[in-house]
Amino acid sequence: MTDIEIANSATMQPITEIGAKIGVSADDMEMYGKHKAKLPLSLIDYNKIQQSNLVLVTAISPTPAGEGKTTVSIGLSDALTRLGKKTIAVLREPSLGPVFGIKGGATGGGYSQVLPMEDINLHFTGDFNAIEKAHNLLAALIDNNLQNQEPNLNLDPRTITWKRVMDMNDRALRHITIGLGGTSNGVPRESGFDITAASEVMAILCLADNMADLKRRLSNIYIGQTYGGKPIYARDLKAEGAMATLLKDAIKPNLVQTIGKTPAIIHGGPFANIAQGTNTVIATRMGLSLADYVVTEAGFASDLGAEKFFDIKCVQAKLKPKAVVLVATARALKYHGGIDAANLKKENLSALLRGMANLEKHIENMRKFNVTPIVAINHFNDDTDSEIHAIKTRCKEIGVEAVVADAWAKGGEGTEDLAKAVIETIDRNESDFRPIYDWNEAVEKKITRIATEIYGADGVEFQAKARKDIQRINELGLSGLPVCIAKTQKSLSDDPKKIGRPTGFTITVRNIEIAAGAGFIVPLTGEMMRMPGLTAHPAAENIDIDDDSKIKGLF
């Protein structure tokens, strides 16, 4: 069966019963129908957080074959539940961009899914909509200030960095001109749209501690500067109060369930190639407050989501992950070994062993954070015994445990061996997390450290615009912020064509954006764009709904 057919055939428990498993009463839930609810921030217990076990799921560099990171995360959560561990999966919300684009939904697959999958993949509880509205409110206030003589901040339109956002892949909106049609329609200027997952408001929601911290971060959003060079922030437009009001419900985590009836908290949805790629700090703390084991994932591979999870989220929120699961597939390893996507189902041990170099680099990366990695071999039906043996043998040679995870076909049952390995790793108390860099290091040094140690680059080239941006960052007193590098997910380098484990390359930083509200700066590398486009045949072409409101084609 397809993912949506499997999801539709599953029996869901009332969300009140799911909440009861983690000690949450019906009175504490804000119900969104029978199977979804929001949780109040008052449930966070800072003492319990330090006693629970946080497990991060990351992966090797993504390939067209797919790695199944979310599927493994959900299967692992269900397996831990089957083994008697009080567990919560804490994941990100899907963006409609990929849902209707090439990647599809983000609720897992097969018998390792979160439910109700259609609701979660589409509008869910409206969090993305609230983020979009809050972001665009600030955009409207900016243009309104340009239009009116009193009050007027004397903002130089050429310096405005704040665009608008929408939760859809639409390349035609990347670069636009606004304010045309005469003086009553605004001040003409160049602008554009980013996708909602790349919004700084999304990043702020995902890093905020509470409502007060959310408002503080919103007020710190950097907009641009006056003609005299004075920096202008959202607080200068008195925008933060109204923006926070639009986010009053979005700040609360969402409780749902897996097919295996394990509680799942899904909250926030930044991409990892252009943002920090992790769910909210609030959701992670909520999970750690209510369970003994929390399984979370960070977008794309260890060079992106995991690095940002560790260096930004964990440092800021004082989180201590106990283990890392690194997802790989035989198909993906063959791709990194030079085999084209059409031939990945055929056994090819030489290509697989060449592709192991990519996995080995990601293992090295996790060890640099002093966290013990476990390799999860996400199983496909066409994997051969020889391929699985080769992966396990090579991992053993470099001192890493590799376990087959049959999460898609068997759910928690097929992931129990991985769960046992995770439990044993945590019980051995081998991990003592440390970040790669100190936030107080110079901007150039932080970027270079990530590029050389995590990506494997020989160095970093800062173009003229980037150097000018660094000077501005230093002048604004923001040099002590962490860095959230925007880079292609397809390669460890900034060139998406360099698969495997590239060497002898330089990372090129063309400019650096200021996200003072989120609390980081964003170096842009390569040809990264913050508004994706659709493919020639997007997933939207296959999605339909019948007269009984049954959805098909969603995956």
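Predicted model: local features only at pLDDT ≥ 70, side-chain atom pairs only at ≥ 80, totals over all residues.
User: What makes the protein as compact as a globular protein of its length?

Analyst: Happy to start there. The protein has 19 helices and 23 strands. Its radius of gyration is 23 Å, close to the 24 Å that the globule rule gives for 555 residues, so the protein is as compact as a globular protein of that length. Along its principal axes, the C-alpha trace spans about 70 × 60 × 50 Å.

User: How many of the residues count as buried, and how much of the surface belongs to carbon and sulfur?

Analyst: Of the 555 residues, 59% count as buried. The accessible surface comes to about 21,400 Å², and carbon and sulfur atoms hold 49% of that.

User: Why is Glu-441 called buried?

Analyst: Buried means under 20% relative accessible area. Glu-441 has 16% relative accessibility, so this residue counts as buried. You will find Glu-441 in the loop between α17 (416-427) and α18 (443-455). Leaving aside residues up to four places away in sequence, Glu-441 touches Lys-446, Arg-449 and Ser-479.

User: Why does Asp-156 count as buried?

Analyst: The cut-off is again under 20%, and Asp-156 has 6% relative accessibility, so Asp-156 counts as buried. Asp-156 sits in the loop between α7 (127-147) and β7 (164-166). Its contacts, not counting residues up to four places away in sequence, are with Gln-225, Thr-226 and Tyr-227.

User: What makes the pairing of Asp-156 and Arg-158 a polar contact?

Analyst: A polar contact needs a pair of N or O atoms within 3.5 Å, one able to donate a hydrogen and the other to accept it. The side chains of Asp-156 and Arg-158 are joined by such a contact at 2.9 Å.

User: Why is Glu-513 called partly exposed?

Analyst: Partly exposed is what lies between buried, under 20%, and exposed, over 50%. Glu-513 has a relative accessible area of 28%, so partly exposed is the term for this residue. Glu-513 belongs to strand β20 (residues 506-515).

User: Which residues does Glu-513 touch, and how do you know that one of them makes a polar contact with it?

Analyst: Not counting residues up to four places away in sequence, Glu-513 touches Ile-521, Val-522, Leu-524 and Arg-530. The side chains of Glu-513 and Arg-530 make a polar contact at 3.4 Å, and the cut-off is within 3.5 Å.

User: How far apart are the mean positions of the positive and negative charges?

Analyst: They are 3 Å apart, for 64 positive and 67 negative charges.

Conventions. Residues numbered from 1 in each chain as written. Heavy atoms only, no water. Helix = DSSP H or I, 4+ residues; strand = E, 2+ residues; numbered from the N terminus. Buried < 20%, exposed > 50% of the residue type's maximum accessible area, 1.4 Å probe, protein only. Contact = heavy atoms within 4.5 Å. Rg over C-alpha atoms; globule rule 2.2 N^0.38 Å. Areas by Shrake-Rupley, 256 points an atom, 1.4 Å probe, with all protein chains shown as cover. Lys, Arg positive; Asp, Glu negative; His and termini not counted. Charge placed at Lys NZ, Arg CZ, Asp CG, Glu CD.
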